[in-house]
Structures are given as C-alpha cells and as structure tokens.
Amino acid sequence: MSKQIQVSGLDAYYGGHKAIEDVSMTIEPRSITAFIGPSGCGKSTFLRTLNRMHEVIPGARVEGKVLLDGEDLYASSVEPVSVRRMIGMVFQRPNPFPTMSIYENVAAGLRLNGRVSKSEMDGVVETSLKGANLWNEVKDRLNKPGAGLSGGQQQRLCIARAIAVQPQVLLMDEPCSALDPISTLAIEDLMAKLKDDYTIVIVTHNMQQAARVSDRTAFFNLAEQGKPGKVVEMDETSRMFTNPTEKATEDYITGRFG
Amino acid sequence: MTAIQHISTSRRIKDRVVQGLVYLAFALAVVPLVSVLWLVIKNGLGRFDLDFLTHSMRNIGARDAGGGAYHAIIGTLEQVLLASLISVPIGLLTAIYLVEYGNGGRLSRYISFFVDVMTGVPSVVAGLFILAFWVLFLGLPFSGFAGALALSILMMPTVVRSAEEMLRLVPNDLREASYALGVAKWRTIMKVVLPTALTGIITGVMLAVARVAGETAPLLLTVFFTDSINNDPFSGPQMGLPLFVFDQAGRPNDTAVDRAWTGALTLILIVMLLNLVARLIARWRAPARGR
C-alpha cells in the first residue's frame with residue numbers, strides 16, 4: 001500500500017512571495033527520504049505541498065505537478081480532503097486533540113470520516129498504537145486524555161493517529177525536534193519499522209538523524225534571504241554524507257555554514 | 001563585574017504603595033457588589049416563600065400583602081430561553097464565519113464593524129425597534145416572543161464577540177492535525193474546533209443571558225405588562241421579573257416594595273442557577289483533565 005511520489009517543476013507561493021522554486025524529485029516507496037537544509041529554505045513548505053496542506057494557509061498556492069503513482073494530486077478534479085486521507089502527516093509539535101481520550105485520538109481519523117463499528121475500531125486503535133510502539137504504555141488508560149501523556153508519548157500518539165487511517169505515505173515535519181534523545185530514538189526505531197509498509201518523508205534539522213534513518217536525502221538551500229528555496233542535491237544518503245557532488249552540500253553537512 | 005544589588009528602600013516603599021493601591025482598588029470594586037447582594041438578600045428574604053414563587057399578582061389589591069411573581073418568573077424564563085434560541089445559533093454561526101471562513105475579507109470586516117455597533121445599541125432602542133417593527137409595522141400583538149426578539153438583538157453581539165474570541169484561541173495546530181487526517185473543514189469545525197472552545201463559548205453565552213435577563217426597558221415596550229399568568233409567549237402580554245421589580249418598587253406601600261426586593265433576589269438566583277447549570281454542562285462535556 002506504499003506509493004511512489006514524483007514531483008516535477010513545483011513552485012509554492014505565500015501570497016506574492018515565492019517560497020520554493022522548480023523542485024523536481026522522485027520519492028521511492030518503502031523507503032525513508034530525508035529533507036535537510038537551513039531554516040527558511042522551504043523544506044516544510046515543500047513537504048506540505050505533497051499532501052495539499054500548503055493551500056490551507058490563506059493566500060498560499062502551488063504550481064507544478066505532484067504525481068502519486070502517476071496520478072496528479074493537483075488536477076482540478078481531485079478532492080484535497082481525499083489526498084490528505086492518503087498522505088498522512090505528523091507535525092513538529094505533538095498536537096493530540098485536547099478534548100479526546102487516547103482512544104478517541106487514534107480513532108479520530110476514522111470516526112470523523114464515517115461510521116466504523118466498535119469492534120473494528122478497537123482493532124484499528126490497537127494495531128495503530130502497537131504500530132507506534134505506544135500500546136504497552138497506554139493500554140491500561142485508553143480513556144485518559146491524550147494531552148496527559150509525555151511529549152514523546154504524545155508524538156507517538158500522533159503517529160498512531162496518522163497511521164490509523166492507513167495512508168500510503170507518511171510525511172513527518174521535524175517530528176523529533178521537541179523531544180529528548182530517548183523519545184527520539186523510539187521514534188527513529190518506529191520509522192525504521194514503518195518503512196516496510198509506508199513511503200516516509202521526514203524533514204529534519206538533525207544531520208545525524210538524517211544519516212541514521214534515511215535511505216535518500218535531499219538538500220534544500222536558498223541563494224539568499226528572500227529568494228525562493230531550491231533543491232541543491234538529492235542522492236543516496238550514504239553518498240550525500242560521504243561524497244556529495246555539490247560544494248554547498250558538503251559545506252552544510254560538515255557544518256561550515258547553516 | 002557587577003555586584004549583587006540590594007533592593008533600595010525607595011523601591012521597597014514604591015512596591016508597598018502600589019501594592020496598597022491595588023488592594024484598595026480591589027476593595028472599591030467589591031464594595032458595591034457586596035452591598036448590592038447584602039441589601040437584596042436582607043430585604044428580599046422576607047417575602048421569599050412558596051407563595052411568592054407559585055402565585056401571580058392577579059386579584060391582589062393595591063394594599064394587600066401576599067401575591068407573587070410566578071407569572072413574571074415564567075415570563076422571564078420563556079423570554080430568555082427564546083432569545084437564546086434565536087441569538088445563540090446566529091451568533092455562533094457568525095463567529096464561525098468570522099474565524100474560520102472570513103479570512104479578514106471585506107464581508108468579515110463589515111460584519112465585525114456592525115457587531116461592534118450592535119454592542120453599543122442601548123437596550124431601550126432595541127425595544128423601540130421591535131415595537132416599531134413588530135407591533136406597529138407588522139401589526140402583531142405585544143407578546144413574550146416580541147420581547148425575546150428585542151432581547152436577542154442585545155444578546156447577539158455579545159455571543160458573537162465571546163464565541164469569536166474563544167474560537168480564535170483554538171490552536172491552529174489542531175485544525176491542521178484534523179485536515180491532515182483527511183477530515184473535511186466543516187467536520188473539523190464541528191468535531192475539533194467547537195468542542196475545544198465549548199467551555200469558553202458557554203461562559204460567553206451565560207454572560208449574555210445574564211445581561212439580558214435583567215433588561216427592563218425593551219420588555220416594557222414589547223411584552224407590555226400583566227398581573228396574570230400567561231404561559232404562552234406567542235400571544236398576549238406577558239410579564240418579566242425586571243418588569244415586576246420595576247412595577248412593584250414604584251408602588252407606594254411597603255408590601256409592594258417587599259415584593260420588589262424579593263423579585264430582585266429571585267432574578268439573581270435564576271441567573272446564578274443558569275450559570276451553575278451551564279458550568280456543569282461545560283464540565284461534563286469538557287476535555288477530561290489530569291492524567
């Protein structure tokens with residue numbers, strides 16, 4: 001159920017401001033693709049164009065093509081809501097629904113989208129929580145509020161919530177930046193496990209993390225402040241971190257700038 | 001290197017003085033509240049009996065003791081309920097439009113402006129408007145419903161403003177989390193945004209209810225006046241507690257003035273009771289707290 005994403009000539013705007021320019025890449029299924037680059041270079045913006053979350057912001061728009069297994073997500077007949085159902089997202093800050101219990105949080109995606117029987121829902125909640133490595137920690141308090149969990153647990157709850165709707169692709173926008181090393185490790189382990197079933201794209205500021213978890217890495221950069229961000233280089237992670245083609249990539253990875 | 005400084009005497013004195021002023025301001029603000037409550041309870045408790053709560057003023061002579069405000073209590077409850085039924089949905093939907101769909105566009109700016117203007121409409125003007133429109137222009141009779149219409153004009157801006165405030169407080173993260181799950185916008189609003197803001201919205205609605213429950217002028221012009229029980233808010237004059245207090249307090253004998261005090265006490269209790277119920281509902285519906 002994992003799908004390939006092909007992007008060609010994609011520009012993204014916030015009102016009159018062009019945030020990213022002419023991005024083309026292929027994201028392979030059943031693999032982890034990492035986006036690295038300095039702050040403000042458009043990594044997150046690009047990530048959000050992949051499931052049409054970009055246009056949720058007033059004034060934001062996208063030009064270009066994003067193909068999910070050959071199907072254009074930006075075709076005029078495509079319903080954005082259904083795109084997001086297929087391409088899940090985990091955000092930088094854990095954002096469980098405060099009015100819902102742990103169980104309801106995981107069930108939210110299905111419950112808000114239609115009727116599912118109780119027993120079926122129980123099964124989905126359990127598999128999703130197990131998939132997010134959270135089941136053992138919360139199985140005795142499924143009816144407690146999700147906001148009562150620790151930060152790392154909340155983030156895993158959000159991952160469980162995202163995979164409960166069984167998306168084809170999972171986008172993660174700096175999912176570990178607010179977490180301690182132990183929770184980070186838990187989430188990295190989880191990603192390694194999820195990659196058997198999902199296409200995973202992760203934005204990260206942590207170079208080691210990109211090197212540890214990803215199969216392919218894309219380096220984003222912008223020429224100068226105010227100019228749109230671009231993809232400088234994209235390659236196998238092992239190559240990117242040992243023998244990058246571009247000077248800028250090497251400078252960034254070795255910490256000479258950014 | 002700078003040394004650790006000690007708090008100078010002048011700063012200490014300033015601190016004391018300002019602290020004193022703050023306490024003084026607090027005390028000044030509380031004095032009227034306490035004295036109003038005290039007076040109303042002291043003077044109102046005398047007639048606060050079953051008779052008062054279950055009888056109207058029908059066939060009670062000018063100098064008679066006894067009588068009650070049952071007709072006024074029924075009227076107030078019905079009028080406020082109807083006014084809420086009209087203004088809460090409209091107000092809430094307006095607030096949802098302003099926060100979720102308006103995007104600061106021209107229409108939403110106009111709406112915002114007119115809501116502000118409506119906030120400043122004096123209650124007697126709202127009453128006059130309904131009198132002119134409902135009674136004089138459409139030729140419909142005085143009724144509890146006409147009063148409810150006037151009250152809803154007063155309630156609406158308060159509901160819009162407080163609901164808007166509360167909806168804006170809902171973090172955008174939650175909306176995005178819901179969109180990212182493939183949930184449509186209207187469902188996100190219904191199932192995520194509104195429940196998150198519910199407690200605050202209920203508080204706002206209760207404040208609006210409390211405000212209009214004590215309005216006298218618009219009722220005077222729209223529900224007219226009666227000494228008898230009228231359970232039907234859609235036909236014939238009704239009574240309201242503020243009207244009852246206004247009427248009784250203007251009469252020259254002590255028994256009537258006592259009734260006025262008790263009427264005021266009843267009104268305060270009703271508003272308090274409604275508040276309490278709303279708070280219980282809010283707590284019951286609110287996110288479970290704690291771990």
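How do α7(B) and α8(B) lie relative to each other, roughly parallel or roughly antiparallel? Before we look, a word on the model: it is predicted, so local features need pLDDT of at least 70 and side-chain atom pairs count only at pLDDT 80 or more, while totals for chains, interfaces and linings use all residues. Residues are numbered from 1 along each chain as its sequence is written, and chains are lettered from A and ligands numbered from 1 in the order in which they are written.

Let's start in chain B. Helix α7 (residues 172-180) and helix α8 (residues 185-213) have axes that come within 10 Å and cross at roughly 155°; axes here are lines fitted to C-alpha atoms, for helices over the stretch in contact, with angles from 0 to 180 degrees between N-to-C directions. The two helices are therefore roughly antiparallel, a word kept for angles over 145 degrees, while 65 to 115 counts as roughly perpendicular, under 35 as roughly parallel and the rest as oblique. From α7(B), the contact draws on B:Leu174, B:Arg175, B:Ser178 and B:Tyr179, and from α8(B) on B:Thr188, B:Val192, B:Val193 and B:Thr196. Residues are in contact if their C-beta atoms, placed from the backbone, lie within 7 Å. Helices (H or I, at least four residues) and strands (E, at least two) are DSSP runs, numbered from the N terminus.

The axes of α3(A) and helix α4 (residues 118-131) come within 9 Å and cross at roughly 110°, which makes α3(A) roughly perpendicular to α4(A). Among the residues in this contact are A:Tyr103 and A:Leu110 of α3(A) and A:Met121 and A:Leu129 of α4(A).

Now turn to strand β8 (residues 199-203) of chain A. 5 of its 5 residues are buried, so the strand is largely enclosed by the rest of the structure; buried means 20 or more other C-beta atoms within 10 Å of a residue's own, exposed 12 or fewer, and partly exposed in between, with C-beta atoms placed from the backbone. A:Thr199, A:Val201 and A:Val203 cover one side, and A:Ile200 and A:Ile202 the other. Strand β3 (residues 32-36) pairs with β8(A) in the parallel sense over 4 bridges, and strand β7 (residues 169-173) does so over 5 bridges; pairing takes at least two DSSP bridges. A:Val203 has A:Phe35 opposite it and also A:Asp173.

Finally, the chains meet through 26 residues from chain A and 20 residues from chain B. On the chain A side, α2(A) gives the largest share, 4 residues.

Technical notes: Two residues are in contact if their C-beta atoms, placed from the backbone, lie within 7 Å.
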